[in-house]
Amino acid sequence: MLILGEANKGTILSLSKALGISNINLISYPLVSKKDIQKEILNYLANKPIVLFEYKPNKYSFKGVSSIIGCDTKGRFIAIHVKKKGSEPTENQKKFINSINNSNGLAFVAYSVQDVESKLNKFL
């Protein structure tokens, strides 16, 4: 038995056919995109005492700025880098996170709503 994401299913089936392997059982799970995770996080944050917005970079943007940025009711800066499981922040993102945290703000990488909930409960 092999467990894999939808993106790999076709590759595995093609490879097994080419190798003459016919008795493969595949269990697949849907891939969760960064966009889906970010949407869940934004829905969660909608009822929190935070002013926030999605940061959408363009060619003139600073490198490493978080996906979600804002501030709490005390004026403290909050930055959330949304990532898919298995993804790591870039060096620029790490620098941005460190600069916010070193300035009494809160910046972190979130892979789920639970990550955000855990960090914010300690901060707010």
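A residue counts as buried under 20% relative accessible area, exposed over 50%, and partly exposed in between, using a 1.4 Å probe and protein chains only. This is a predicted model, where local features need pLDDT of at least 70, side-chain atom pairs count only at pLDDT 80 or more, and totals for chains, interfaces and linings use all residues. Residues are numbered from 1 along each chain as its sequence is written, and side-chain values use heavy atoms, with hydrogens and water left out.

**The sheet**
- Four strands make an open sheet in the order 3-4-5-6, with mixed pairing (strands are DSSP runs of E, at least two residues; helices are runs of H or I, at least four; both are numbered from the N terminus; two strands pair if DSSP finds at least two bridges between them).
- Strand 3 (50-54) and strand 6 sit at the edges with a single partner strand each, so one side of each has no neighbour in the sheet.
- From one strand to the next, the twist averages 20° (axes are lines fitted to C-alpha atoms, for helices over the stretch in contact, and angles run from 0 to 180 degrees between N-to-C directions).
- Strand 4 (residues 68-72) and strand 5 (residues 77-82) run antiparallel, joined by four bridges.
- Cys71 stands opposite Phe77 in strand 5.

**Helices on the sheet**
- Helix 3 packs on the sheet and touches strand 5 and strand 6, its direction making about 145° with that of strand 6 (contact means heavy atoms within 4.5 Å).
- Helix 4 (residues 113-123) also packs on the sheet, touching strand 3, strand 4, strand 5 and strand 6, at about 160° to the direction of strand 6.

**Asn104**
- You'll find Asn104 in the loop between helix 3 (91-101) and strand 6 (106-110).
- Asn104 is exposed, with a relative accessible area of 65%.
- Phi of Asn104 is near 70°, a positive value in a residue other than glycine.
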